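Here's a quick tour of one protein chain, written for someone new to reading structures. Take a look at the picture first, then work through the notes.

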Amino acid sequence: MSRHRKLLAWTGGSLAVLLVAVSMTGYLLVRHLNSNIAQPDISGLLGHQPADLHPKAENILVIGSDSRQGTAAAAIDTTDQSDTMMLIHIPADRQWAEVMSIPRDSYVNIPSCLMGNGHLSSPTEFKINEAFALGNLYGNHTALGAACTIKTIEQDTGIYVNHFIVVDFTGFKNMVAALGGVEECSPVPLDGPGSGLDLSAGYHMLNPTEALAYVRARYGLGDGSDLERIVRQQAFVTSLISRAKSELYNPLAIYQFLDAATQSLTIDSQFGGLTGLYNLAQSLRSIPRSKIAFFALPNFPRAEVVPTDTANVLWTQPEDSEIFASFRDDVPASASLFGAPAQPAKLTSGRPGKFGASPGSPSVDITARTASQSICVA
C-alpha cells in the first residue's frame with residue numbers, strides 16, 4: 001500500500017474511532033442526565049380527570065419545592081412546601097404560550113389525597129400549597145404531593161393537566177452556580193431583614209444564595225405580598241433561560257448546569273424523561289419571546305369575605321373562570337397582550353366571587369408581561 005493510501009486509511013480509521021467515542025460520550029451523557037431525573041408514575045393517584053379537549057395542546061404544572069430542613073422553620077414545617085406554582089399552557093399550533101402563576105395562598109377546595117402513610121386525607125378547604133404538603137406528609141413524598149396538587153387544580157379549575165415538573169430549590173442554587181450567577185433587575189431596592197438580600201434598584205448579577213432569596217423571600221421585601229414574589233419568580237425564569245443560552249459555547253458550564261438541573265427535577269413518567277424535556281424546550285424555543293405571556297391569577301383578600309382571615313386570597317370571578325376556560329379551549333387568555341408588545345397589557349378583573357362575593361370591592365388590574373419585557377420597564 002502506498003504511503004498516501006496508508007495515510008488516508010489511518011486518518012479515516014482515526015476519524016471513525018473519534019466519531020464512535022463522541023457518540024458514546026453523548027450517549028453516556030444523555031443516560032447520566034436522564035438517570036438524574038426522578039420519574040414516578042402518578043397516573044393511578046389522580047382519580048377522575050377533566051376531559052382533555054385539545055390533546056395536541058399541553059398544560060404543564062411547575063411546582064417549586066422548598067424544603068425547610070436545616071432552617072428555623074423546620075420545627076413547624078416538617079414537609080416540603082410548594083412556594084411556587086405555575087401552569088404553562090402550550091397551544092396545539094405552538095404559536096404562543098402562557099404561564100399562569102397561582103398564588104400559594106389561594107383558598108381552595110382540596111380533595112381527598114393519598115398520603116405517605118398509605119391513608120387518604122379528608123377533603124378540606126385551605127390554601128392551595130397545603131395540597132403539596134399533604135402528599136408529602138410521613139416521609140417527604142414528592143410524587144404524592146404533586147398528585148394531590150394536580151387533583152386540586154383539576155377539580156377547582158376544570159383544566160386537564162398533562163404533565164408536572166417539580167423543581168427542588170436546593171438544586172436551583174446549583175444551577176445558578178454552574179452559570180456563574182444570573183443577572184436580574186429589581187425595579188425597587190430589596191433589603192428586607194432576614195431575606196438575605198441587600199440590593200439597590202437596577203441590575204445585579206445574583207450569586208446562588210441571592211438568587212434563591214430573590215425567588216423565595218417574601219416578607220420584608222417590597223410590599224411583602226405573594227403577588228410581588230410571583231413577579232420576581234416569573235422574571236427570574238426568563239433571566240435564567242437567557243443566561244443558560246448565553247453559555248451554550250461553554251461546554252463545562254452547560255454540563256454543570258444540566259447536571260444540576262436534572263438532579264433537582266421530578267417529572268411524571270409519561271413526560272418522556274430527558275427527551276420529553278428537550279421537546280418541551282424546543283416547543284418554547286420556536287415561540288417568539290413577545291408571544292410568551294406571564295401573569296398571576298387575579299385574586300382578592302379573603303378578609304373581604306371572612307374578616308378574621310388576613311393570610312389568604314380568593315380567586316376573582318367570573319374573570320378567573322374565563323381564564324380557566326381559555327386554557328381548556330386552547331385560546332389565549334391574554335390576546336390583547338400579544339397585540340401590543342410595546343407596553344405591558346392588563347387583564348382587568350372586577351367581581352370577586354369564590355366562597356362569597358364582595359360587591360363593594362373596586363376592580364383590580366393584573367399586569368401581564370411577555371418574556372421580552374423587563375420588570376424594570378414601566
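Strand E1 (residues 58-66) and strand E2 (residues 81-90) run antiparallel and are joined by nine bridges. Strands here are DSSP runs of type E with at least two residues, helices are H or I runs of at least four, and both are numbered from the N terminus. Keep in mind that this is a predicted model: local features need pLDDT of at least 70, side-chain atom pairs count only at pLDDT 80 or more, and totals for chains, interfaces and linings use all residues. Residues are numbered from 1 along each chain as its sequence is written, and side-chain values use heavy atoms, with hydrogens and water left out.

**The sheet**

- Isoleucine 60 has isoleucine 88, in E2, as its bridge partner.
- E1 and E2 belong to an open sheet of seven strands with mixed pairing, in the order E9-E6-E1-E2-E3-E10-E15; two strands count as paired if DSSP finds at least two bridges between them.
- Strand E9 (265-267) and strand E15 (369-370) sit at the edges with a single partner strand each, so one side of each has no neighbour in the sheet.
- Helix H8 (residues 273-285) packs on the sheet and touches E1, E2, strand E3 (97-101), strand E6 (163-168), E9 and strand E10 (292-296). Touching, or contact, means heavy atoms within 4.5 Å.
- The direction of H8 makes about 95° with that of E9, going by lines fitted to C-alpha atoms (for helices, over the stretch in contact), with angles from 0 to 180 degrees between N-to-C directions.

**A covered helix**

- How many of the eight residues in helix H2 (residues 129-136) are buried? Seven of them are, so the helix is mostly covered; buried means under 20% relative accessible area, exposed means over 50%, and partly exposed is in between (1.4 Å probe, protein chains only).
- The buried ones are Asn129, Ala131, Phe132, Ala133, Leu134, Gly135 and Asn136.
- Their cover includes E1, E2, strand E4 (107-110), strand E5 (124-127), helix H3 (142-157) and E6.
- Tyrosine 138 follows H2 and has a positive phi, near 65°.

**Salt bridges**

- Side chains of opposite charge can pair when their charged atoms come close.
- The count comes to four salt bridges, each being a side-chain nitrogen of Lys or Arg within 4 Å of a carboxyl oxygen of Asp or Glu.
- One of them joins glutamate 58 and arginine 94 (3.4 Å, N to O). This pair links distant parts of the chain, 36 residues apart: glutamate 58 is in strand E1, and arginine 94 is in the loop between E2 and E3.
- Glutamate 58 counts as buried at 18% relative accessibility, while arginine 94 is partly exposed at 22%.
- Arginine 104 and aspartate 105 also meet in a salt bridge (3.4 Å, N to O). Arginine 104 is buried at 14% relative accessible area, and aspartate 105 is buried at 3%.
- Salt bridges with shared partners tie Arg104, Asp105 and Lys127 into one network.
- Arginine 302 and aspartate 309 pair up too (2.7 Å, N to O), and both are buried.

**The whole chain**

- The chain holds 10 helices and 15 strands.
- Of its 378 residues, 49% are buried.
- Among contacts with a separation of 6 or more, 67% come from residues 24 or more positions apart.
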